[in-house]
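Here is a short tour to read alongside the structure.

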Amino acid sequence: MRRMSLTARLAQDAQNTSEIYAVLFYIEHSSLDKPILLSTDPTERLQDDPLMYCTRSTWMDVNPVTDPYLFVLASATVPSDIDDVATDTSLVLENVDNDIAKLLRSFTDFATVNIACVLASSPDLIEAEWHGLKLMSAQINAGEVALTISRESIEDEKVPSGLMTKNRFPGVHR
């Protein structure tokens, strides 16, 4: 069972609330100079020309002053907690910049995606998070970019799996 803050629980139980959930995305890949930080909530105006909004959070040890999570026009679903169902989520970005497609097409292997769900009023308090997911596919058209994010397939795990060696399990080999 996932732990949630009292503020989040009260907001969910209230008929009306000013609390808004935001989803933060931390995307990293070996070909990127630094991780891509995205947010689904325009919490704070970052600059006027061009108009940009952001969410400032310390999640993933990010410096909120120098590296804010940039707001994107997107819809997102978070992974499900249902047993026996693959951890699968999607992120649909509005295709407002051709550089998005160019960047996605440059990846030859999986990018790693970490996802956090926060309240916009308290972006440093993580309500739920998922680490180590992989960017599995990107469907790109003129209007939107649909990203499918999931865990790496079990069939792709290396065989044999981890061995009970002294280096990996020093407590077993005393």
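What follows is a brief report on aromatic pairs, a surface patch and a loop serine.

This is a predicted model, in which local features need pLDDT of at least 70 and side-chain atom pairs count only at pLDDT 80 or more, while totals for chains, interfaces and linings use all residues. Residues are numbered from 1 along each chain as its sequence is written, and side-chain values use heavy atoms, leaving out hydrogens and water.

The structure holds two aromatic pairs (ring centres within 6.5 Å, the six-membered ring for Trp; planes under 30 degrees apart are stacked, over 60 edge-to-face, the rest tilted).

| Pair | Centre to centre | Angle of planes | Type |
|---|---|---|---|
| Tyrosine 26 and tryptophan 59 | 6.4 Å | 80° | edge-to-face |
| Tryptophan 59 and tyrosine 69 | 6.2 Å | 35° | tilted |

Tyr26, Trp59 and Tyr69 form one aromatic cluster. Tyrosine 26 lies in strand β1 (residues 21-28) and tryptophan 59 in the loop between β4 (52-55) and β5 (69-71), so their pair ties together parts 33 residues apart in sequence. Strands here are DSSP runs (E) of at least two residues, numbered from the N terminus. Tyrosine 26 counts as buried because its relative accessibility is 11%; buried means under 20%, exposed over 50% and partly exposed in between, with a 1.4 Å probe and protein chains only. Tryptophan 59 is buried too, at 6%.

Now to the surface. Methionine 164, in the segment after β10 (144-150), counts as exposed at 52% relative accessibility. Serine 80, in the loop between β6 (74-77) and β7 (88-94), is partly exposed at 32%.

Key
Helix = DSSP H or I, 4+ residues; strand = E, 2+ residues; numbered from the N terminus.
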